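Subject: Structure for your review

Dear colleague,

Please find below the structure that I am handing over to you.

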Amino acid sequence: MALLEAKNLTFTYPDAPEPALSDITFTVEPGEFILLCGPSGSGKSTLLRLLKREVRPHGKIEGELFLDGCSFMEVPAKQMAQEIGMVFQDPENQIVMDRVMEELVFGLENLGYSTEDMRKRIAEMVHFFGLEGWLERKTFELSGGQKQLVNLAAVLLLHPRILLLDEPTAQLDPVAASEFMTMLRRMNEEFGLTVIIAEHRLEELFSLADRVMVLEKGKKIYDAPSREVVSQLAKHPSSQIYPYLPSPARLYLEHSQKPASESIPLTVKEGRKWISTLKGTSVPTQPFQEDITNKKPLLALKGINFQYEKETRPILDQLSLSVYEGEWLSVVGANGSGKSTLLKVMAGLQNPQRGAVIFNGKKLKKPIPSEIAFLPQNPKLFFLQDTVETELEAIIDKHQIQHGREKMEQLMEMFQLTPIKDRHPYDLSGGEMQKAALAGVMLMNPRLLLIDEPTKGLDPEAKLQFGKLLKNLRANGVTIVMVTHDIEFAAQYSTRCAMLFQGEVTITAPTKTFFQGNTFYTTVANRISRGGRVPEVLTVEEAREKWRFLE
């Protein structure tokens, strides 16, 4: 008997013209690891929330769901809460208590466990996760990765049989994301925990998953083992689902004369093994890279010190950094290293206790010049009006922008916003919302664009479109500084990268130089190609240009 089963599941949100999910049928066996993927708006989050009865969205449900052969509606509330756990995308939205120990105890207390049982379970879980030094810490002081581990531990304390995860690594740096995935694999393999995870960052997950379920426009289009799904998607390279394939698989499919389904690599190890079998390569000359560091900086930070409270250690400590006109600078670093704070200081939204911010040769003062635009991590904070068009019109009126209506129409056409101009901003997908917010800040013709985690929650197709959009803005003279955890995106589009560590910039270098040789802060394509028989590359796109060989 299947552990979990869905039969002809259809769900429609109130007033929605089309179902969010349409006739979905599947079974889940005990101990399976299932990857759920698909474009934004395909129904992944809706499906996960329907499987977690306590957070089921409001709307019309058709079809049936079963747990151990018993209808969901007949399973007692306590059993349902215990046996199906869920970890959400934003760790902030799941934590309810002030301290880590209180957060871990919260669920057990609410389900009526005895003190002895709680102590036993918490002691075991704390040792497993290595949380001994965290128990008395305040939850708001934890980094994003730490909060997500606390959320996972709190859910696992209830001993669920099924764990649902909705983009749990969206806000994690590469090291924290890798550690989180390693923890999931251990829980699945060592304890038989059934895992269903929806993700956009898929480089590691295809190799971990027993099955991949692909949704598109609310319908299930693939449901099979990883290599079978890869083989099917390989037949449609122009499909918007194709970019979901992990880099090892795409490199193999695009550079093998006779690709075989059973030989498709899904991991770095398998990719390097395939490359070692190649017999001949031609290494092209390296393209010319412009040295921009001999130019005058557009913005310079000199000896910046910043802390939120006197008693705490500085978030930024004697930090100095120059941003040169016309570049795309990406800033990477661990969760809690101060990247978002750095952007706010650059934008003039936070005043440093020491040091100076120099913009265009002058010390930055209030009011902040319109030449600097800041796009926050959560684009929802940007919107105040009921439609995209009225939002843009309000910006034009507030800042008295000359020829504002003409600029607005040009931007809506350029950003492909015209079809959604009458929709409420909160009803847009993640990619659409990012583009609408970007159009708003670009109305004022900024010279410097500061963006914080712009690809968070975007599917591969939306990231591709957003990357092209920013690239086009840079070609038109806009300088870009981006804070990101998305190493693959930074490697594809940035001209220069910087690493933030303990409040300081430890290294800045051209993108190619920056990522070569790194262990965690580099791309999968670079790990595969490094030291092999092919030219070293950072991305699949670069490999298309440089790799020429015979098998």
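Predicted model: local features only at pLDDT ≥ 70, side-chain atom pairs only at ≥ 80, totals over all residues.

Residues are numbered from 1 along each chain as its sequence is written, and side-chain values use heavy atoms, with hydrogens and water left out.

Helix α14

Helices (H or I, at least four residues) and strands (E, at least two) are DSSP runs, numbered from the N terminus. Of the 13 residues in α14, 11 are buried (under 20% relative accessible area, with exposed over 50% and partly exposed in between, for a 1.4 Å probe and protein chains only). Among these buried residues are Met433, Lys435, Leu438 and Val441. The elements that cover them include β17 (372–375), α12 (388–399), α13 (404–414), β18 (448–452) and α15 (460–475), where contact means heavy atoms within 4.5 Å.

The pair α12 and α13

Two of those covering helices, α12 and α13, also pack against each other at an angle of about 140 degrees, with their axes 10 Å apart (lines fitted to C-alpha atoms, for helices over the stretch in contact, with angles from 0 to 180 degrees between N-to-C directions). That makes α12 oblique to α13 (under 35 degrees counts as roughly parallel, over 145 as roughly antiparallel, 65 to 115 as roughly perpendicular and the rest as oblique). In α12, Glu389, Leu392, Glu393 and Ile396 meet Gly404, Arg405, Met408 and Met412 of α13.

The pair α3 and α5

Helix α3 (residues 100–110) packs with helix α5 (residues 144–156) at about 30 degrees, the axes being 8 Å apart. The two are therefore roughly parallel. Here Val100, Glu103 and Leu104 of α3 meet Val150, Ala153 and Ala154 of α5.

Lysine 296

Lysine 296 is placed in the loop between β11 (280–281) and β12 (297–306). Its relative accessible area is 66%, so lysine 296 is exposed. The C-alpha atoms of lysine 296 and valine 323 are separated by 9.0 Å, although the two are 27 residues apart along the chain.

Yours sincerely
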